[in-house]
Amino acid sequence: MFAVPTALLGIAAFGGAAYLWHTGRRPEANIPAPLAAERMQQLYSQPLEPISGDLRGFHIGHSLVGRDMPAMLMQLADGAYAYESQLGWGTSLRAHWDRDEPINGFDTENAHPRYRDAHDALDSGEYDALILTEMVEIRDAIAYFASWDFLRRWTAEARAANPAIRIYLYETWHETNDPEGWLDRIDADLNRYWLDSILRPALAETGGTEPIYVIPGGQVMAAFLRAAEARGGLKDVSGVGDLMLDSIHFNDIGAYLIALTHFAVLFGRSPVGLPSALLRADGTPAQEPLAETAELMQAVVWQVVTSTPLTGVVGTDTAPLTFATERYHNEPA
């Protein structure tokens, strides 16, 4: 269930593999101008009201959503969260959109009671929140699969059926062995890809009247690992590999960290004090982080989530919005 091979299959289908082979560069992505920084400031100036009651969410994505993370989120919410999903292996927002396009791993990833066809789900108007994520490698998604446009399309469809639905873009990450450096890319990619090349263009094309909020998964992972390093490491987490099954997929401890992040953003409430002994989606016990690790995770999640208004959750140390000065450009493969 590795994401990158699927992306490469998609690239070949659109002629991208040949382009990369001959030029060593991705083609220029046809991205519209992003929503102006001043308008972004206005759009995200008011935080969302925290959710005190029940919330029903729909997840569209791949194995960096998975089955276990939403199941953990449901347990963290103590019964106040219900969800369905449509998943694949390394699946782009474009592939999820087109019912005629095969989705790698579709039968396997959706063989569970929480599956629902994404279009049918959103057209029902039954959901309070839509959580979308794009395939990785994120550079390929932008260059070949018009990420900004399909974020816009999914948002429009959801709001047509339920104007009050909250839309979220879940920021993920790349392979831990990335030659640019895992932490360096986490630091750079939020602005240059997730915001400037996906979120802000999508907002511009929808008129910039309603926010699409961010669930900062990659940012939380990086901040937690830095906090752990500052303590000299934790007994069960000394580096990013201790959050992963392989070079990109989270293990139970990583899934717990991302579930905490989803809880904090979706409910607008601190995850500090939430339980750490949880079950996987199949009902088996998940590996539990040590108490010190769980406490640090919860504190870091809340600090990151409340430090930017893009989450819709504002804290006392909220930083002003800043954006990269350069748009997406071709880069070496």
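Student: How many residues of the lining of the largest cavity are nonpolar, how many polar and how many charged?

Tutor: In this predicted model, the lining divides into five nonpolar, two polar and four charged residues. Val 136, Ile 138, Trp 173, Ile 186 and Trp 194 belong to the lining, and Val, Ile and Trp count as nonpolar. Glu 137, Glu 171, Arg 185 and Asp 189 are also lining residues; Glu, Arg and Asp count as charged.

Student: What makes the space a cavity, and how many of 30 Å³ or more are found?

Tutor: A cavity is a place where a 1.4 Å probe fits but cannot get out. The search of the whole structure finds one that reaches 30 Å³ or more, and the largest cavity holds about 60 Å³ of space. Helix H10 (residues 182-205) contributes the largest share of its lining, four residues.

Student: Why is Glu 137 called buried?

Tutor: Buried means under 20% relative accessible area. Glu 137 stands at 14% and therefore counts as buried. This residue lies in the loop between strand E3 (129-132) and helix H8 (138-145), and a cis peptide bond with omega of about 10 degrees joins Val 136 to Glu 137.

Student: What makes the 2.8 Å pair between Glu 137 and Arg 185 a polar contact?

Tutor: The limit for a pair of N or O atoms is 3.5 Å, and one atom must be able to donate a hydrogen while the other accepts it. The side chains of Glu 137 and Arg 185 are joined at 2.8 Å, which is within 3.5 Å, so the pair qualifies as a polar contact.

Student: Why are Trp 302 and Ala 146 called partly exposed, but Asp 78 exposed?

Tutor: Exposed means over 50%, buried under 20%, and partly exposed the range in between. Trp 302, with 25%, is therefore partly exposed, and Ala 146, at 24%, counts as partly exposed too. Asp 78, with 70%, is exposed. Trp 302 is placed in helix H13 (residues 291-305), Ala 146 in the loop between H8 and H9, and Asp 78 in the loop between helix H4 (68-76) and E2. Phi is positive in two of these non-glycine residues: near 55 degrees for Asp 78 and near 45 degrees for Ala 146.

Student: Why is strand E2 described as largely enclosed?

Tutor: Six of the seven residues of E2 (residues 81-87) are buried, so the strand is largely enclosed by the rest of the structure. Strand E1 (residues 55-61) pairs with E2 in the parallel sense over seven bridges, and Gly 61 stands opposite Leu 87 in E2.

Student: What makes E4 and E5 a pair of strands?

Tutor: Pairing requires at least two bridges. Tyr 170 stands opposite Ile 215 in E5.

Student: How do you know that both faces of strand E5 are covered, and which residues are buried?

Tutor: In E5 (residues 213-216), Tyr 213 and Ile 215 are buried on one side, and Val 214 and Pro 216 are buried on the other.

How values were computed: Residues numbered from 1 in each chain as written. Predicted model: local features only at pLDDT ≥ 70, side-chain atom pairs only at ≥ 80, totals over all residues. Heavy atoms only, no water. 1 Å grid on protein atoms, 1.4 Å probe; cavity = no way out; pocket = protein on both sides within 12 Å on 5 of 7 lines; lining within 4 Å. Points joined across faces, edges and corners; volume = space filled by probe spheres on them. Helix = DSSP H or I, 4+ residues; strand = E, 2+ residues; numbered from the N terminus. Buried < 20%, exposed > 50% of the residue type's maximum accessible area, 1.4 Å probe, protein only.
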